Amino acid sequence: MHLLAEAGGAAPSLHNSQPWRFRPTPDLLGLEVHADLDRAVPVADPDGRALHISIGAAVFNLRVAAAHLGREAAVRLLPAGADAQPRAVLDLSAPARSAQPFGADLYPAIAGRHSSRQPFTNRDVPEALVADLITAARDEGVMLTLLEEHGVRRVLTLTSEAEARIAADVSREAETRRWLRLEPSYDGIPLAALGSHDRDAHVPMRGFAGHPPRHTTPAERFEALPQLATLTTHLDTPADWLHTGQAMERVWLLATARGLRASVLHQAVEIPDTRWRLRDPAEGPGHVQLVLRLGYGPPGAVSPRRTVEDILDEANG
Ligand SMILES: Cc1cc2nc3c(=O)[nH]c(=O)nc-3n(C[C@H](O)[C@H](O)[C@H](O)COP(=O)(O)O)c2cc1C
């Protein structure tokens, strides 16, 4: 259980809030994944969209770690449960069916994946890798689209607009800033992970340090045209958010395993009208759940995690 919880806890989450708890099922043959609502981010995420995406990412890591331990994880998603109910249950009673465990190539990337908020080079993501990322998301029921230039410009404009609106909103701004950590911690964003800011202000990285920033990050030139991918679902229910989280993590682990870096640009998703305008009308109906920035560059700094003792409950059956 320790290795599983460690893998689940390594997942990405909004502001590194880590809004999860893991608990062995009463029969001790599986693991429940609970939301830790004390760790919600209520102003930026009033509906729990990002919370479910983060929990979905943890579920994906658990599936890969279970396979690494030779177990076949049968996952039941329970997004509509009451607060005390798990959001997902993994039945781990069956041994893995194939000699090549699910996600074997992804397991080492669980610990090696970090948000890279540094400038990327102008090297394109190879088409074959883009195709693999699309397949990875599709296998989780989510559509990944690598945006063309006009789409990138539209999403950057919306992200800048959302970032400015967050900066102008006292409660949103204060909430974001509360997750910046100046001292060693077990959650939140350490200064070392902030990366740089774009000298030319065309890649709107999130202003964790306030507006104007209380702690300056180095000004550097970012890639000329960022490579942005959106994750889109047909519907917009908590189940779709859990699927998005699993797709995000599957894509991010695959990217990491292939030497590609990523970070999230989430600001436009957090405001209903900018979220709505993220959809590309030409692509047909769908709900954009996440914007990923992909590219080649530094791996990103390690952000801390809560200890396994803090996230793994005792069995209660
Ligand atoms: C739903 C969601 C939204 C996020 N939004 C942002 C964002 O807007 N800006 C950013 O730099 N990172 C964002 N992140 C990345 C988290 O800050 C990051 O995963 C967390 O700090 C842990 O760090 P790690 O990814 O390096 O493990 C987001 C992650 C998730 C899951």
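Predicted model: local features only at pLDDT ≥ 70, side-chain atom pairs only at ≥ 80, totals over all residues.
Visitor: Why is E223 called buried?

Guide: Buried is the word for a relative accessible area under 20%, and E223 has a relative accessibility of 3%, so E223 counts as buried. E223 belongs to the loop between β9 (219-220) and β10 (227-233).

Visitor: What makes the pair formed by the side chains of E223 and R293 a polar contact?

Guide: The term asks for a pair of N or O atoms within 3.5 Å, one able to donate a hydrogen and the other to accept it, and the side chains of E223 and R293 make such a contact at 2.7 Å. Beyond the neighbours within four places in sequence, E223 is also in contact with other residues, among them P119, F120, N122 and H202.

Visitor: How do you know that β2 and β4 pair?

Guide: Pairing requires at least two bridges between the strands, and β2 (residues 30-35) and β4 (residues 88-95) have 4 bridges, in the antiparallel sense; V33 stands opposite A88 in β4.

Visitor: Why are β1 and β3 said to stand at the edges?

Guide: The open sheet of 4 strands runs in the order β1-β2-β4-β3, with antiparallel pairing. In that sheet β1 (20-24) and β3 (71-77) each have a single partner strand, so one side of each is left without a neighbour. The twist from one strand to the next averages 20°.

Technical notes:
Residues numbered from 1 in each chain as written. Heavy atoms only, no water. Helix = DSSP H or I, 4+ residues; strand = E, 2+ residues; numbered from the N terminus. Buried < 20%, exposed > 50% of the residue type's maximum accessible area, 1.4 Å probe, protein only. Contact = heavy atoms within 4.5 Å. Axes fitted to C-alpha atoms, helices over the stretch in contact; angles between N-to-C directions.
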